[in-house]
Amino acid sequence: EVSCDCDGNVEDCNGDCGGDAVVDQCGDCGGDDVCENSYYIMDLENTGESQLVILRDSITSLDAGDEVGIFDLNGITNYNDCSNQIGELLVAAGVWTGSQLNLSAVGSVDLCAFGGPQLAGYVEGNPLVLKVWKASEQVEYEASFDLAAGNGVFGDLITAISEVYLDMDIEGCTDEDACNYNPDANIDDGTCLYFDPEVSCDCDGNVEDCNGDCGGDAVVDECG
């Protein structure tokens, strides 16, 4: 419970008794504090157009080692031609360490009207979409966020995100009329419970009094 040998040593993050390996800021045991994306891999060429997206250190929902991806769901995906292909595009990515994370999103360029090409990237005016890869769970979550600066669209001078909310699946009773309704649930798991009107008038087991009030205390006196 306290140590792993008679010298009072403890196990390091690798499970070695008396070892000196520690978890770095990227969440890696024995790491070198250099965080590299393993899930969100950026493969866009620099176009000369960019937007700064800041994730502030006030964010509480992310753990060290989690990856953040910034997407345009209707970005220009073709490169160096004028085929005008539109689709979901990863335009920025980084690894959360617990400190402020600055990401540079790649913007598209369209010079086809002037005899030039299109270059892949976000399209100004499109909404900024954020996704999170939770390293400890090996699960990707779509996410919503609070803004400290910007309007949440591409083309802002700067976007600063102060909090991130993971869109998790929560099972429970989703029927507001049920006794065990869970307002946080977004997947009904079939556990909804209802009171029996033959036995009670509400979920607390109350019955109607002589006035017909559920849970009331009026009773018929000796005069009827």
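This is a predicted model: local features need pLDDT of at least 70, side-chain atom pairs count only at pLDDT 80 or more; totals for chains, interfaces and linings use all residues.
Residues are numbered from 1 along each chain as its sequence is written, and side-chain values rest on heavy atoms, with hydrogens and water left out.

Strands (E) are DSSP runs of at least two residues, numbered from the N terminus. Two strands are taken to pair if DSSP finds at least two bridges between them. E2 is joined to strand E3 (residues 86–95) by 8 bridges, and the two run antiparallel; within this pairing, Phe71 has Leu90 in E3 as its bridge partner. E2 is also joined to strand E7 (residues 129–134), again antiparallel, by 5 bridges. In that case, the bridge partner of Ile70 is Leu130 in E7.

Strand E1 (residues 50–55) pairs with E9 in the parallel sense over 4 bridges, and Val53 stands opposite Thr159 in E9. Strand E8 (residues 139–149) pairs with E9 in the antiparallel sense over 6 bridges, with Leu147 opposite Ile161 in E9. Ile158 counts as partly exposed because its relative accessibility is 33%. Together with Leu52 and Leu157, Ile158 makes a nonpolar surface patch of about 300 Å². Such a patch consists of residues with over 30% relative accessible area and no salt bridge, nonpolar side chains (Val, Leu, Ile, Met, Phe, Trp, Tyr) being joined within 5 Å and like charges within 9 Å. A salt bridge is a side-chain nitrogen of Lys or Arg within 4 Å of a carboxyl oxygen of Asp or Glu. Accessible areas come from the Shrake-Rupley method with a 1.4 Å probe, and for residues only the protein chains shown count as cover.

The loop between E2 and E3 contains Asn78. Asn78 counts as buried because its relative accessibility is 3%. Its side chain forms a polar contact of 2.7 Å with the side chain of Asp81. A polar contact is a pair of N or O atoms within 3.5 Å; within protein, one must be able to donate a hydrogen and the other to accept it, and residues adjacent in sequence count only if both atoms are side-chain atoms. A polar atom of the Asn78 side chain also lies 2.8 Å from the backbone nitrogen of Gln85.

Methods
Buried means under 20% relative accessible area, exposed over 50%, partly exposed in between (1.4 Å probe, protein chains only).
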